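Thanks for coming. I will go through one structure today, and I will keep to what can be read from the model.

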Amino acid sequence: SLVEIVKQADLDLNSARMDIPKVVTLPTFYGGKHGPDLDYVAENAGVSPGEVVDLHSGIDYRVYMIGFTPGFPYLGGLSEKLATPRLDTPRVRIPAGSVGIAESQTGVYPSASPGGWRLIGRTPVRLFESGRIPPSLVVAGDYIRFSAIGSKAEYIDIQAAIASGDYRPQTEPVISPGSEGA
């Protein structure tokens with residue numbers, strides 16, 4: 001009967017395994033060709049590019065949802081000071097790993113795709129790999145922390161370590177959910 005089906009569904013939901021949210025730290029190289037809009041975002045915010053990096057990398061962002069492309073995290077908690085309008089005309093190709101800002105959200109392009117977000121940096125970490133289980137590095141409810149990479153050489157070293165399988169991004173359990181910044 002329908003009542004039995006609903007009761008069984010309720011039991012299935014009550015016994016479902018709920019993953020503990022995690023914080024994933026993404027090493028990010030800000031500015032230059034990896035973040036061509038960093039100066040625009042700084043000017044829009046009335047701060048220096050270095051202050052944009054400090055503000056952007058200074059908090060944990062909650063993954064509100066995954067969408068647009070497989071593995072694309074929409075992140076909440078961006079400082080209001082960094083809120084920046086989208087591009088008037090989207091770019092035809094955004095490189096994978098690009099970190100962008102659009103209005104009051106930040107996010108990471110997991111694969112090369114068109115896009116209209118303001119690009120401020122890039123991470124060499126792959127957010128989505130179809131052969132990985134699970135394929136997405138983060139899920140809704142997780143957090144992302146951006147950690148500024150100090151040099152192009154460090155970015156290349158991390159990229160090489162990822163390619164050889166010798167690098168995994170730092171992850172830790174969330175101690176108190178709701179810790180995203182202002």
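This is a predicted model: local features need pLDDT of at least 70, side-chain atom pairs count only at pLDDT 80 or more; totals for chains, interfaces and linings use all residues.

Before anything else, a word on labels: helices (H or I, at least four residues) and strands (E, at least two) are DSSP runs, numbered from the N terminus.

First, the overall layout. The protein has four helices and ten strands. Read from the N terminus on, the order of elements is α-β-α-α-β-β-β-β-β-β-β-β-α-β. There are 182 residues in the protein, and 43% of them are buried. Take the contacts between residues at least 6 apart in sequence: 68% of these join residues at least 24 apart. The accessible surface is about 9,800 Å², and carbon and sulfur atoms account for 56% of that.

Next, the interior. In soluble globular proteins, nonpolar side chains tend to be buried together. Here the largest nonpolar core has 30 residues, and those with the most contacts inside it are Leu26, Val52, Leu82, Ile120, Ile144 and Phe146. Elements giving two or more residues to this core include E1, helix H2 (38-45), helix H3 (49-56), strand E9 (143-148) and H4. A second, separate core has seven residues, among them Phe72, Ile94, Trp117 and Leu119. Going back to Ile120 and setting aside neighbours within four places in sequence, its contacts include Phe29, Leu38, His56 and Ile101.

Now to helix H4, residues 152-163. It has twelve residues and spans 16 Å from first C-alpha to last, close to the 16 Å expected at 1.5 Å a residue. Which residues of H4 are buried? They are Tyr155, Ile158, Ala161 and Ile162. These four cover an arc of only 125° around the axis, so they sit on the same side of H4. On the other side of H4, Asp157 and Ala163 are exposed. The cover over the buried residues includes strand E1 (22-30) and strand E8 (118-122). After H4 comes Gly165, with a positive phi near 85°.

Two loop residues are worth a look. Thr123 is in the loop between E8 and E9. Is Thr123 buried or exposed? Its relative accessible area is 2%, and buried means under 20%, so Thr123 is buried. Its side chain reaches the backbone nitrogen of Val125 at 3.2 Å. Leaving aside neighbours within four places in sequence, Thr123 is in contact with residues including Leu26, Pro27, Val99 and Tyr155. Tyr155 is also one of the buried residues of H4.

The other is Leu78, in the loop between strand E3 (73-76) and strand E4 (91-94). Leu78 is buried too, with a relative accessible area of 5%. Leu78 and Ser57 are 21 residues apart in sequence, and their C-alpha atoms are 9.9 Å apart in space.

Last, the backbone. Most residues other than glycine have a negative phi, and most peptide bonds are trans. Phe68, in the loop between E2 and E3, has a positive phi near 70°. Glu103, as promised, has a positive phi near 60°. Glu103 is partly exposed, with a relative accessible area of 43%. Finally, a cis peptide bond joins Ile133 and Pro134, with omega about -10°. Pro134 lies in the loop between E8 and E9. That is all from me.

Technical notes: Residues are numbered from 1 along each chain as its sequence is written. Side-chain values use heavy atoms; hydrogens and water are left out. The expected span of a helix is 1.5 Å times one less than its number of residues. Buried means under 20% relative accessible area, exposed over 50%, partly exposed in between (1.4 Å probe, protein chains only). The arc is that of the directions from the helix axis to the C-beta atoms. Contact means heavy atoms within 4.5 Å. A nonpolar core is a set of buried Ala, Val, Leu, Ile, Met, Phe, Trp, Tyr and Cys residues joined through side-chain atoms within 4.5 Å. A polar contact is a pair of N or O atoms within 3.5 Å; within protein, one must be able to donate a hydrogen and the other to accept it, and residues adjacent in sequence count only if both atoms are side-chain atoms. Accessible areas come from the Shrake-Rupley method with a 1.4 Å probe; for residues, only the protein chains shown count as cover.
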